[in-house]
Amino acid sequence: GPCSDWVTRMAMARPDVAIKFSHDDTVLFTSAGRDDLLAVLAEAHGSKVAREMLPVELHSGAIRIAGYVSGARLTRATRKHQLFFVNSRFVRSLSLGHALGEAYGLLLPSGKQPMCVLKIELTPELVDPNVHPTKIEVRFKNQGQLHNLTQEAVEMALAEAGLRAPALRRAAGPPRPPVAADVAGRWHGPDAEVRARARRLRVNS
């Protein structure tokens, strides 16, 4: 439920802090506080899921992206298990979600989503948390650069696992066009038609 989801996110944001969550004297979740994100993932989703997760690590100037993404065999029907943290705070971002999907490309079956826990550290001045009253949704002042770096970081993890060709280094250059999505979360960026054709080919193949 919402309470357990909140506790799990808190444990993933701060794996260095020990957490115990119980209800009616039944322990539902524990985190040992050993600063081991993969161990927290195992507690939250089970050791089988944790074994399928791939490490992500990328440094670029003042930006650091680290965490785990799922291999191509581990998928979910929704984006619920795509968790992004910025400076140790859980956030929602269409731009980061789109970057994750772009990194996987056609690796995933149609309608399936990867899992991830990605932690981004950057200068606080580059994040605008005042997009939504709950401050969960954020906007980045360097959104194009961060999108590119997130995609590159995930591509590198997939390539190191032998799931795709090595990623080409992307220039930090001009930002991509703003991420646009309708109420259902469907991407309507400049490559929308290309992605739609790819999905149709995959379904009909």
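The model is a predicted one, in which local features need pLDDT of at least 70 and side-chain atom pairs count only at pLDDT 80 or more, while totals for chains, interfaces and linings use all residues. Residues are numbered from 1 along each chain as its sequence is written, and side-chain values use heavy atoms, with hydrogens and water left out.

Let us start with strand E4, residues 63–70. Helices and strands here are DSSP runs numbered from the N terminus, a helix being H or I with at least four residues and a strand being E with at least two. Of the 8 residues in E4, 7 are buried. Buried stands for a relative accessible area under 20%, exposed for over 50%, and partly exposed for what lies in between, with a 1.4 Å probe and protein chains only.

E4 has partners to look at in turn. Strands count as paired if DSSP finds at least two bridges between them. E3 and E4 run antiparallel and are joined by 8 bridges, with Val-56 standing opposite Gly-67 in E4. The two strands form a hairpin with 2 residues between them, and Gly-61 in its turn has a positive phi of about 60°. E4 also runs antiparallel to strand E9 (residues 116–121), through 6 bridges. Here Ile-65 has Ile-120 in E9 as its bridge partner.

E6 and E9 pair in the parallel sense over 5 bridges, and Gln-82 stands opposite Cys-116 in E9. How many residues of strand E6 (residues 82–86) are buried? The count is 5 of 5, so the strand is largely enclosed by the rest of the structure. In a regular strand, side chains alternate between the two faces of the sheet. In E6, Gln-82, Phe-84 and Val-86 point one way, Leu-83 and Phe-85 point the other way, and all are buried.

E6 pairs with strand E7 (residues 89–91) as well, in the antiparallel sense and over 3 bridges. Phe-84 finds its bridge partner in Val-91 of E7. The hairpin of E6 and E7 has 2 residues between the strands, and Asn-87 takes a positive phi near 50° there.

Now for the helices. Thr-150 sits in helix H5 (residues 143–160). Is Thr-150 buried or exposed? Thr-150 counts as buried because its relative accessible area is 1%. Contact means heavy atoms within 4.5 Å. Setting aside residues up to four places away in sequence, Thr-150 touches Ile-65, Leu-96, Ala-99, Leu-118 and Ile-120.

Val-7 belongs to helix H1 (residues 2–13). With a relative accessibility of 7%, Val-7 is buried. Beyond its neighbours within four places in sequence, Val-7 is in contact with Ile-19, Phe-21 and Phe-29. Val-7 and Phe-21 are 14 residues apart in sequence, and their C-alpha atoms are 7.3 Å apart in space.

Next come the charged side chains. Side chains of opposite charge can pair when their charged atoms come close. The structure holds 6 salt bridges, each being a side-chain nitrogen of Lys or Arg within 4 Å of a carboxyl oxygen of Asp or Glu. One of them joins Asp-16 and Arg-14 at 2.8 Å, N to O. Asp-16 is partly exposed at 37%, and Arg-14 is partly exposed at 39%.

Another salt bridge brings together Arg-73 and Glu-52, with the closest N and O atoms 2.9 Å apart. This pair links distant parts of the chain, 21 residues apart: Arg-73 is in the loop between E4 and strand E5 (75–76), and Glu-52 is in the loop between helix H3 (47–51) and strand E3 (53–60). Arg-73 is exposed at 72%, whereas Glu-52 is partly exposed at 24%.

Arg-139 and Asp-128 also meet in a salt bridge, at 3.5 Å from N to O. Arg-139 lies in strand E11 (residues 139–140) and Asp-128 in strand E10 (residues 127–128), so the pair ties together parts that are 11 residues apart in sequence. Arg-139 is partly exposed at 45%, and Asp-128 is partly exposed at 24%.

Lastly, the cysteines. A disulfide is taken as a pair of cysteine sulfur atoms within 2.5 Å, and a search of the whole structure finds 0 of them. Cys-3 is exposed at 56% relative accessibility, while Cys-116 is buried at 1%.
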